[in-house]
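Subject: Structure handover, salt bridges

Hello,

Here is the structure for your files. Please open it alongside this note. My findings follow below.

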Amino acid sequence: MNLQQGIGEQPINKTIETHPRIGEILQKYDIGCVTCGVGICLVKDVVSIHALGAEAEAQIEKEINDYLNHKGDAQ
């Protein structure tokens, strides 16, 4: 996954803490990182671990990058 702002290299728990919308995006694809008690997986690995297929992974990547690129627009 090629995620903006180095998000892919960050632990999922810290990412969701800072960017709750990313947790919502993952939850939409039945990736339950929001409720995970460990949360040390890297964001880039979280999606691939769930083996959703290339099309779903590309859509998740797009949604996360769209969020990251436009999160300041609502302010």
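Is R21 buried, exposed or partly exposed? R21 is partly exposed, at a relative accessible area of 36%. Keep in mind that this is a predicted model.

R21 has a partner. It forms a salt bridge with E24, and the closest N and O atoms are 3.3 Å apart. Both residues sit in helix α2 (residues 20-28), three residues apart, which puts about one helical turn between them. E24 is also partly exposed, with a relative accessible area of 47%.

Helix α2 takes part in another pair. K28 lies in helix α2 and E63 in helix α4 (residues 54-70), so this pair ties together parts that are 35 residues apart in sequence. The closest N and O atoms of K28 and E63 are 2.7 Å apart, and the two form a salt bridge. Look at the accessibilities here. K28 is exposed, with a relative accessible area of 53%. E63 counts as buried, at 14%.

Helix α4 also holds a pair of its own. K62 and D66 are four residues apart in that helix, separated by about one helical turn. They form a salt bridge, with the closest N and O atoms 2.7 Å apart. K62 is partly exposed, with a relative accessible area of 45%. D66 counts as partly exposed too, at 32% relative accessibility.

How many salt bridges are there in total? The count comes to four, and those described above are among them.

Best wishes

Note on methods: Residues numbered from 1 in each chain as written. Predicted model: local features only at pLDDT ≥ 70, side-chain atom pairs only at ≥ 80, totals over all residues. Heavy atoms only, no water. Salt bridge = Lys/Arg side-chain N within 4 Å of Asp/Glu carboxyl O. Helix = DSSP H or I, 4+ residues; strand = E, 2+ residues; numbered from the N terminus. Buried < 20%, exposed > 50% of the residue type's maximum accessible area, 1.4 Å probe, protein only.
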